[in-house]
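Q: Walk me through this one, please. Start with how the pieces get their labels.

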Amino acid sequence: MAVSGGADSTALLLALHRLAPELRLDLHAAHLHHGLRGAEADADLSFVRDLCARLGVPLLAARWDARARLRRRGLSGQDGLRVLRREFLVAAARRAHAGRGLPGAAPIVTAHTADDQLETLLMRLGRGTGLAGLGAMRPAAWRAAPDGDRQLWIKPLLGATRAMIEADLRAGGQPWREDRSNLDPRYTRSRVRHEAVPALARTLMPRASATRGRELLALRAARVTAAARSSERVLERLAARILPAGTTLPAARL
C-alpha cells in the first residue's frame, strides 16, 4: 500500500496491519520521496520508516529527483507527479509479488477519502463530464500499467471523511505528518479544497461548523458517486443484453 505519512495513509496502514492476520494479507508499504520538499520530505520518510518498523511491515522506499524526471518525460505539475507516483507504486507492487515467487503484481491500496472524492467530483463537474465521470474514483479498478499489463487499484476509505480519520488517530494517540504543499494555491485541487469546498459548505449549510459542513458535503458526494457508478453498471448490462458484441452506433445521428 502507498504510505505518505499523512493522516489518511497512516490510518489505513494501521487498519490493514490489524486486519492482516484475519484476512491473510501479506502487507507491504511503499513510500516515494520526490526530492522536492527538503527537510520536510526527509522527516516524512523517517516517520514512515519508524512506523513500518514498529508494525513489522516491510517498506520499499525510494528517493527520486522528481524535477529531473519530469523534464526528461515532458511532464509537469501535479499531474506529472501523479504519473511518477503511479509508476513507482506499480514497480513496488511487482517487486513485492516477485519476492513471494508470484507472477504479476499485488493490488495497490491507496488512502483516498470521501473528501478526495468530493474534490474530484467538483473538478469533473467544472470541466464537464458524463455519467462515468460522475462516478469519480472507484473503490476498486483495473488500470493499464506502464508495461502494458493491468494493475488493480483499491481505495477502501472512500466512504470515510478526513475528519473521521483524524478523530480516530487522535483518540489512539497516533501522530501523522502534514504536507504543506497541499496548501499551495497554484494547484487546482488545493484551491478546490481550501476555497471552493468551504464556500459551498458556508452557502448550503450556514448553521454547521466549517468542519461539519465539509464532512456533510463529502459524505453526500460519496453517496452520489456510488449511485452514479451503480447506474453506469445497470446501463452497461442492459446495453450488453440489447446490443450484440461489436455493435457500432452512429454517434452523429444519436
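A: Helices (H or I, at least four residues) and strands (E, at least two) are DSSP runs, numbered from the N terminus. The model is predicted, so local features need pLDDT of at least 70 and side-chain atom pairs count only at pLDDT 80 or more, while totals for chains, interfaces and linings use all residues. Residues are numbered from 1 along each chain as its sequence is written, and side-chain values use heavy atoms, with hydrogens and water left out.

Q: OK. Where is Arg24?
A: In the loop between α1 (7-23) and β1 (29-33).

Q: What is phi for Arg24?
A: Near 55°. That is a positive value, and Arg24 is not a glycine.

Q: Is Arg24 buried or exposed?
A: Exposed, because its relative accessibility is 79%. The cut-offs are under 20% relative accessible area for buried, over 50% for exposed and partly exposed in between (1.4 Å probe, protein chains only).

Q: Where does Ala136 lie?
A: In the loop between α6 (131-134) and β4 (140-144). Ala136 counts as buried, because its relative accessibility is 5%.

Q: Switching to rings. How many aromatic pairs are there in the whole structure?
A: One. The pair is Trp64 with Phe88, and it is edge-to-face, with 5.7 Å centre to centre and 85° between the planes. For reference, rings of Phe, Tyr and Trp (its six-membered ring) pair if their centres lie within 6.5 Å, and planes under 30 degrees apart are stacked, over 60 edge-to-face, the rest tilted.

Q: What does that pair tie together?
A: Parts that are 24 residues apart in sequence, because Trp64 lies in the loop between β2 (59-63) and α3 (66-73) while Phe88 is in helix α4 (residues 77-99).

Q: Are Trp64 and Phe88 buried or exposed?
A: Both are buried.

Q: Next, Arg162. Where is it?
A: In helix α7 (residues 162-171). Arg162 counts as buried, because its relative accessibility is 14%.

Q: Which residues is Arg162 in contact with?
A: Leaving aside neighbours within four places in sequence, Arg162 contacts Asp8, Thr113, Asp115, Asp116, Glu119 and Arg193. Contact means heavy atoms within 4.5 Å.

Q: Arg193 is on that list. Which helix holds Arg193?
A: Helix α8 (residues 188-204). Arg193 also counts as buried, because its relative accessibility is 12%.

Q: What does Arg193 touch?
A: Asp116, Glu119, Arg162, Asn182, Pro198 and Arg214, not counting residues up to four places away in sequence.

Q: How far is Arg193 from Ala111?
A: Their C-alpha atoms are separated by 17 Å. Along the chain, they are 82 residues apart.

Q: Let's do helix packing. What is the angle between α5 and α8?
A: About 95°, with the axes 10 Å apart. Axes are lines fitted to C-alpha atoms, for helices over the stretch in contact, and angles run from 0 to 180 degrees between N-to-C directions. The two helices are therefore roughly perpendicular to each other. That label covers 65 to 115 degrees; under 35 is roughly parallel, over 145 roughly antiparallel, the rest oblique.

Q: Which residues meet there?
A: From α5, Asp116, Leu118, Glu119, Thr120, Leu122, Met123 and Arg127. From α8, Thr188, Arg189, Val192, Arg193, Val197 and Leu200.

Q: How do α5 and α9 cross?
A: At roughly 70°, with the axes of α5 (residues 114-127) and α9 (residues 210-242) coming within 8 Å. That makes α5 roughly perpendicular to α9. Residues of α5 in this contact include Ala114, Gln117 and Leu121, and those of α9 include Ala218, Ala221 and Arg229.

Q: And α8 with α9, what is the crossing angle?
A: Roughly 95°, and the axes come within 9 Å. So α8 is roughly perpendicular to α9. On the α8 side, Arg193, Val197, Pro198, Leu200, Ala201 and Leu204 meet Gly213, Arg214 and Leu217 in α9.

Q: What lies in the loop between α8 and α9?
A: Met205, for one. Met205 is buried, with a relative accessible area of 10%.

Q: Which residues does Met205 contact?
A: Leu200, Gly213, Leu216, Leu217 and Arg220, leaving aside neighbours within four places in sequence.

Q: Last one. How far apart in space are Met205 and Leu32?
A: 38 Å, C-alpha to C-alpha. In sequence they are 173 residues apart.
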